[in-house]
Structures are given as structure tokens and as C-alpha cells.
Amino acid sequence: MPGPPQNLPGLLSVRAADAPRVDDLEGRWAAQLAAAEIDDDDAATAFAAQHHQLDSHLPVLLARGDDLGAPELDDETWLTVLDQPFGSRTEAARWCAGNGVAGCTPLLVTG
């Protein structure tokens, strides 16, 4: 597996590759594993490293907040979500609780 992408263009390339699978989550619950406000290349590179670490042992997707349809998330919020849909908030929360990922939280993907 290659190393984490660098800078904002690197995040954008991963996001583009993951977009079809993120679209498949629409209308479902997901486990949000990480999130960060990205407003410069240094922040992008740091978040890419965190995403890459999660990607090394879990099936994850990279998305921007505006990809997921949550009104409180915008195009500067980047998220790592589990590439596994859940039928309810409870199912996503149960996965979070059972897998020990710090900061894991259920997220409804509305597109």
C-alpha cells in the first residue's frame, strides 16, 4: 500500500476515487471514524496520515462534509468513514463501541 497522500491535491485524489462508494452509503448510517477541518496543505497532510493509518486495518472511505449531506458539515470538513453501511444509528453506535476507535460516532449519510 502506498504512503498517505500529501497536501490538499492528494486528499482530493483519494476523495475522487472513493466517491462512488460514498454515494452507495446515501440514506444509510455510517461510522465516522475521524474528522478534521482542512484549510491548508499542512492540515491536509496531517489528516491524510490519520486516514492512511485507519485504512491500513479497516475498510474506510474519505469524504468531504458536503459529500455526506449533513447540514453541520461543509467543504472544509474532511471525514474518514467506515466502508460499511448500517441500517440504524444503533447499529453504527454498536460497531463503534465494539471496535475501540476513539472518536467513532454514527453519521447519517444523506448525500
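**Sheet, helices and a disulfide**

Mentor: Start with helix H4, residues 89–99. Helix H4 lies across S1, S3 and S4, and runs at about 60° to S1. Keep in mind that this is a predicted model.

Trainee: OK. What is the order of the strands in the open sheet?
Mentor: The order is S2-S3-S1-S4. That makes an open sheet of four strands, with antiparallel pairing.

Trainee: Which are the edge strands?
Mentor: Strand S2 (60–64) and strand S4 (105–108). Each of them pairs on one side only.

Trainee: And what does the twist average from one strand to the next?
Mentor: The twist averages 45°.

Trainee: What holds strands together in general?
Mentor: Strands of a sheet pair through backbone hydrogen bonds, either parallel or antiparallel.

Trainee: Back to this one. How many bridges do S2 and strand S3 pair over?
Mentor: Five bridges, in the antiparallel sense. Strand S3 covers residues 77–82.

Trainee: Give me a pair to look for. Which residue in S3 is the bridge partner of Leu61?
Mentor: Val81.

Trainee: Now helix H2. Which strands does it touch?
Mentor: Helix H2 is residues 41–55, and it packs on the sheet. It touches strand S1 (29–37), S2 and S3. The direction of H2 makes about 150° with that of S1.

Trainee: Switching to helix H1. At what angle do H1 and H2 pack?
Mentor: About 45°, with their axes 7 Å apart. Helix H1 is residues 7–24.

Trainee: So what do we call that arrangement?
Mentor: Oblique. An angle under 35 degrees would count as roughly parallel, and 65 to 115 as roughly perpendicular. The angle here is about 45°, so H1 and H2 are oblique to each other.

Trainee: Left-handed or right-handed crossing?
Mentor: Left-handed, where H1 passes H2.

Trainee: Which residues in H1 and H2 meet there?
Mentor: From H1, Asn7, Leu8, Pro9, Leu11 and Val14. They meet Asp41, Ala44, Thr45, Ala48 and His51 in H2.

Trainee: New topic. How many disulfides does a search of the whole structure find?
Mentor: One. Cys96 and Cys104 form it, with their sulfur atoms 2.0 Å apart.

Trainee: Is that link left-handed or right-handed?
Mentor: Left-handed, with -55° about the S-S bond.

Trainee: Is Cys96 buried or exposed?
Mentor: Buried. The cut-off is under 20% relative accessible area. Cys96 is at 8% relative accessibility, so it counts as buried.

Trainee: And Cys104, buried or exposed?
Mentor: Cys104 is at 15% relative accessibility, so it counts as buried.

Terms used: Residues are numbered from 1 along each chain as its sequence is written. This is a predicted model: local features need pLDDT of at least 70, side-chain atom pairs count only at pLDDT 80 or more; totals for chains, interfaces and linings use all residues. Side-chain values use heavy atoms; hydrogens and water are left out. A disulfide is a pair of cysteine sulfur atoms within 2.5 Å. Buried means under 20% relative accessible area, exposed over 50%, partly exposed in between (1.4 Å probe, protein chains only). Two strands pair if DSSP finds at least two bridges between them. Helices (H or I, at least four residues) and strands (E, at least two) are DSSP runs, numbered from the N terminus. Axes are lines fitted to C-alpha atoms, for helices over the stretch in contact, and angles run from 0 to 180 degrees between N-to-C directions. Contact means heavy atoms within 4.5 Å. Angles under 35 degrees count as roughly parallel, over 145 as roughly antiparallel, 65 to 115 as roughly perpendicular and the rest as oblique. A crossing is left-handed if the near helix is turned anticlockwise from the far one by less than a right angle, and right-handed if clockwise.
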